[in-house]
Each structure stands twice: as C-alpha cells, then as structure tokens.
Amino acid sequence: MNNIDFIDIIRRLFEGITTLADSPPVLCWTGVGLIIFGAVLVFLGKRGILEPLLMIPMGLGMIVANAGNLYLDPTTAIESERIAEARWINSEDRTDVRYFTIQGTPDFAEESKQTDKYIHVKSTDAIAGFLKAGELEIIDAKTQQKINGRVLLQGDLNVEPLVQGEKNLVALMQKDWIQPIYNYAFSNNLIACFIFMGIGVLLDVGFLMARPFQSVFVAFCAELGTIVTFPVAIACGLNYGEAASIAIVGGADGPMVLFTALKLAKDLFVPVTVVAYLYLGITYGAYPFLIRFLIPEALRKVRNKPTKKPIKVTANEKIAFTVVTCAVLCLLFPVGAPLFCSLFVGIAVREAGIQSFTRLIDQVFLYGGTFFLGLILGLLCSARTLLDEKVLILLVLGIFALTVSAVGGIIGGYIMYMLTGRRFNPVCGIAGISCVPTCAKIAQKEISRVAPDVIVLPDALGINISGVITSAIFTGVYIALVPMIGA
Amino acid sequence: MKKIPRYWITGTAIAIAGVVAARVVAPELKDSHSVYIVVKTLGHLVAFAGIFLIARGISKNTE
C-alpha cells in the first residue's frame, strides 16, 4: 500500500490541469490566455463579426490544443523530434522540474532554465537513450555528482508541426488523430490549393477583361504593403524567408500566406498564418473607417466612367485567356505553379460550365479546405508554438502590411481618378486588396452609404479579381527570389 | 473557320517572347549580373504586357 504514489495518481487523473500548472508560468498563462482567446473567436464567429467558417473551427481547435495537454511517453520526444522540449524531473524533489534546451553545442550541453544548474549529455545517442529509458543517471556539471531523475514530456494528441518524416508520422499516427491530415494535406499545401481552386470557381474574369488597365493598375498599387513590408521586416530582424511570408499578408489572401510561409518560413508558419487570418477578419471591419478617413464624402459620390457600349466577353474568350495566362505565369514562376494551376483550373471549370466539377470544388473542396484549415490552425496554436519572440514583430508587421496595402489601393484609386478626368471613384481602390469578393463589397457598401444610386461593383470586382492574380504573382516572385538572395 | 483576332496572336507571341527572354536568354547572361537582372526583369514585363494586350483587345471587342 505504501508503494502507491497518490500524488502521481492525482496528477494523472487531472492531466489537463496538472500539465498546465506544471508548466513554466509564461507557458501556463499563455495557455490560459489562448483558451480564452479561442472561446472569444468562437463567439465572434457565431456573431458574424469575424468569419464564422474559419473562426469557429479555429477557436475550438485553439481551446483543445491548450487544454488537452497530457504527459506523453518520453519516447515520443524522439519519434516526434521534440527532444528540445523534453523536461527532466529530479526524483528526490519531484516538484522541481527543470527545463532544458539543446543548444547544439559540440558536446550537446543542455542549459537549465535555472541558470545555476547544468546538465551535460555527451552525445545525441546519450540524449536518445536518456529519453527512451525515461530514467538515467546524469551528472550535474557544477557539483559533478550523479543526479537521479526521469524524463517528462508534455504535449497533446493533436498535431505536431515538426513531424516531417514518414517514419515519425507512422509512429505518431496511432495517437495523433489529425496528424495524417496535417502531413498529407496541410503541410504540403494541398488545403491551400483546394481553397484557391474554390476561389477560382467564384471568379468571373470577364470583369477583369472588360476593364484591364484600371483593374491591373489599381491592384498593383494595392500590393504596396507586400512590397514595403519586406525591407521593413528585414530591418526588424527577420530573415528573408520570414520577411517575405509576413509581407505577403499585405496581399490579404490567406491561402497565399500559408503557401509562402510553408515554403519559406516553416518554423514560423503557424504564427504567420494565424496572424494573417485574424487580421483579415479584423481589417474588413476597419477598412470602411480607413476609407472614410482618407476619402472625402464628395469624392465617394463620384460615378465611374461608363463604357461606350456594353462589353461582351464570351466563355470561350475567358477560357482562352485563362489558358494563356496560366501557361505564361507557370513558365515565369514555376515555383508558384501549384497556386496558378489551382486558381486557373477553378476559373476554367466555371467557364466550361462543368456543373458537377463546379459543385465538387465549390461545395466540397472549398468548404472542406476552409474547415480543416481553421481546425488545424487552431490546433497548432498551442502556447509552446506561439511563444516565440518573433510573434510580437509579426503582429505589428501584419497590421502594417494590410494598412499600407489599403492605403496603396486608395492612392491607386486617386491616380485613376485623375487619369480618367475625375470619373473614377477612388473608393474602388480598396478592392485591389485581393480578398474576393469582400473588398469589392466593402467598396460598394461605402459608396452606397453616401450615394445609393452609384453602382461600382463591376469595376470593383474586376480590380478585386486582378488583385488575386497580382497577389499570386507576388507570391511567385518572393518564392523565386528569396532562395536566390539567401533565405 | 472563324478568324482568330489579331490581338490574340500578337499578345501570345509577345508573352512567349517575354518568357524566352526571362527563362532562356537571361540565364545565359549570368556572367554579367546587372545584364542578367535587366534582361530577366524586362522579360517578365514583356510577358505581362503580352497578357495585358490580349485583355485590352478583348475589352475593345464591344457589340
């Protein structure tokens, strides 16, 4: 009876709480904060303030990732490549848990968070053996005395973003329920491409082809944030890949941000993508205020110059244009080919009138992709993933990129206003931000507030669609450019 | 057989010329970095101009 460890039983019984309490204070409070934040996202999604399709699964995933922690088998550390996260518990004063990180020094010395205590492990084999055995005699570097203890690893059963190898995946598949979807659909960008196909099915390129110059020009201006944020991010200490990933937030296209971050900044793709999606939701609420601030009411009432005759773009012309544009863009930027293929195949399916494919992409791929994107992003939002010193920089740069892009779009609108002899509504400039069709709707809604009889939606949609293609081009440019200049 | 409008042929040819400049000619000029960058950038711009020409031609196709 004396051998029963009641404290251990209680710890195991309420593992969700004990793992939280057992964590370092920063990790613990960040976890609690993220649980509350997840609940807020679900609430705001339900109220329609943020995008419910994304925020409800993402919020719930965030709660699960931070509340569903438990003590894992120490061997998981090896299988999941999480050696650096493993913790060591002194068997004598079990409450005193030391955290150590592998610094990568030649002798693989590990530094405890308590700076006065150091643990030395001679090699990676020793670390692996140490973790596998669970218990091992190790030597305190200062006192040179043997210390008995055991290895403990906290974690959850959801997603491990660092598991890349198939062997590790197979080892974890029995526990991590959504890991296969992460490995076979998320980390290889399949979900981003599914969503992009869905966006393609929603696009009518006829609006772009009817007014090509104004659409392309304003959309290019609305990429100002994508261009300006890159050097600013480098100045803030991010490397080229991370800077490009956060700069793409300026394009305001979630799948594109995910695609770029997974290609160029694998370590930071979770915070970058989460920041992008959160800001996309928030900025749609903020853009109307920016429009009212930057454009006087008199200019918001301007009617766009009508075309002399109605422009008819046939489905054949749209398909031919799609084929040529897709081929040229893929030839110029082969690294962005998955994105271009996904977008243009969606457009082609729509214009070809293949109803069964349109329904498949629109109702299964788009909604399925959005659902799993939200859920997996939420599940990746554990405190230990987000507690990176760069997250604060990303938060600032994300909002900076989106704001500068919006200002760039409005500047483009003003330039078009001048070029057309004051017969272009500058509010249309905001539609250059590529989120289809939300930004076009924002432009029309803001104009309708002051002039209900002024209709700019066709022009705004043309600019909006051009914005998607421009963002994809910038993504291709960054993915091609960054490895050349050194990520 | 329906005649293919001229802007399709011209636009596609210009776009392909841009691609050739950016992807075939530019890599051959890597010895001179500045020339390489100029040719590559010009190639991209010419390719985009070709696509734009097609879109412009279609927008003029009023009824």
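A residue is counted as buried if 20 or more other C-beta atoms lie within 10 Å of its own, as exposed if 12 or fewer do, and as partly exposed in between. The legends below describe a predicted model.

**Figure 1. Buried residues of helix 1 of chain B.** In this predicted model, helix 1 of chain B buries G11(B), T12(B), A15(B), G18(B), V19(B), A22(B) and A26(B). The cover over these buried residues includes helix 17 of chain A and helix 2 (33–60) of chain B. Helix 1 spans residues 6–28 of chain B, 23 residues in total. From the first C-alpha to the last, helix 1 of chain B reaches 32 Å, close to the 33 Å expected at 1.5 Å a residue. A bend of about 35° is found in helix 1 of chain B at A21(B).

**Figure 2. Chain B as a whole.** Chain B contains two helices and zero strands. Its radius of gyration is 15 Å, whereas the globule rule gives 11 Å for 63 residues, so chain B is more spread out than a compact globule. Along the principal axes, the C-alpha atoms of chain B fill a box of roughly 50 × 20 × 10 Å. Of the 63 residues in chain B, 25% count as buried. Among contacts of chain B with a separation of 6 or more, 67% join residues 24 or more positions apart.

Figure 3. L53(B) lies in helix 2 of chain B. Apart from its neighbours within four places in sequence, L53(B) is in contact with Y7(B), T10(B), G11(B) and I14(B). L53(B) and H33(B) are 20 residues apart in sequence, and their C-alpha atoms are 30 Å apart in space.

**Figure 4. The side of chain A that touches chain B.** Contacts between the two chains involve 18 residues of chain A and 16 residues of chain B. On the chain A side, at least two residues each are supplied by helix 10 (206–210), helix 11 (212–221) and helix 17 (315–332). Helix 17 of chain A provides the largest share, seven residues. By class, the side of chain A that touches chain B comprises 13 nonpolar, one polar and four charged residues. Helix 17 of chain A also belongs to what covers the buried residues of helix 1 of chain B.

Figure 5. N189(A) occupies the loop between helix 8 (179–186) and helix 9 (190–202) of chain A. Although N189(A) is not a glycine, its phi is positive, at about 75°. N189(A) counts as partly exposed because it has 19 C-beta neighbours inside 10 Å. L262(A), in helix 14 (residues 254–264) of chain A, is likewise partly exposed, with 18 C-beta neighbours inside 10 Å. Leaving aside neighbours within four places in sequence, L262(A) is in contact with S187(A), N189(A) and F269(A). By contrast, the C-alpha atoms of L262(A) and M416(A), 154 residues apart along the chain, are separated by 36 Å.

**Figure 6. The loop between helix 21 and helix 22 of chain A.** This loop, between helix 21 (390–419) and helix 22 (438–450) of chain A, contains P437(A). The peptide bond that leads from V436(A) to P437(A) is cis, with omega near -10°. R422(A) is found in this loop as well. Phi of R422(A) is positive, near 60°, and R422(A) is a residue other than glycine. R422(A) is classed as exposed because 12 other C-beta atoms lie within 10 Å, and a count of 12 or fewer defines that class.

Figure 7. The secondary structure of chain A consists of 23 helices and seven strands. Of its 487 residues, 48% are buried. Residues 24 or more positions apart account for 69% of the contacts in chain A with a separation of 6 or more. The mean pLDDT of chain A is 81, and 78% of the residues score at least 70. Among the elements of chain A, helix 12 (residues 224–235) has the highest mean pLDDT (94) and strand 4 (residues 109–112) the lowest (40). Over residues 93–123 of chain A the pLDDT is below 50, and this stretch has 59 contacts in the model beyond near neighbours in sequence.

Notes: Residues numbered from 1 in each chain as written. Chains lettered and ligands numbered in written order. Predicted model: local features only at pLDDT ≥ 70, side-chain atom pairs only at ≥ 80, totals over all residues. Helix = DSSP H or I, 4+ residues; strand = E, 2+ residues; numbered from the N terminus. Contact = placed C-beta atoms within 7 Å. Nonpolar A, V, L, I, M, F, W, Y, C, P; charged D, E, K, R; others polar. Rg over C-alpha atoms; globule rule 2.2 N^0.38 Å. pLDDT = per-residue confidence, 0-100. Expected span 1.5 Å × (residues − 1). Bend = angle between axes of the 7 residues up to and from the residue.
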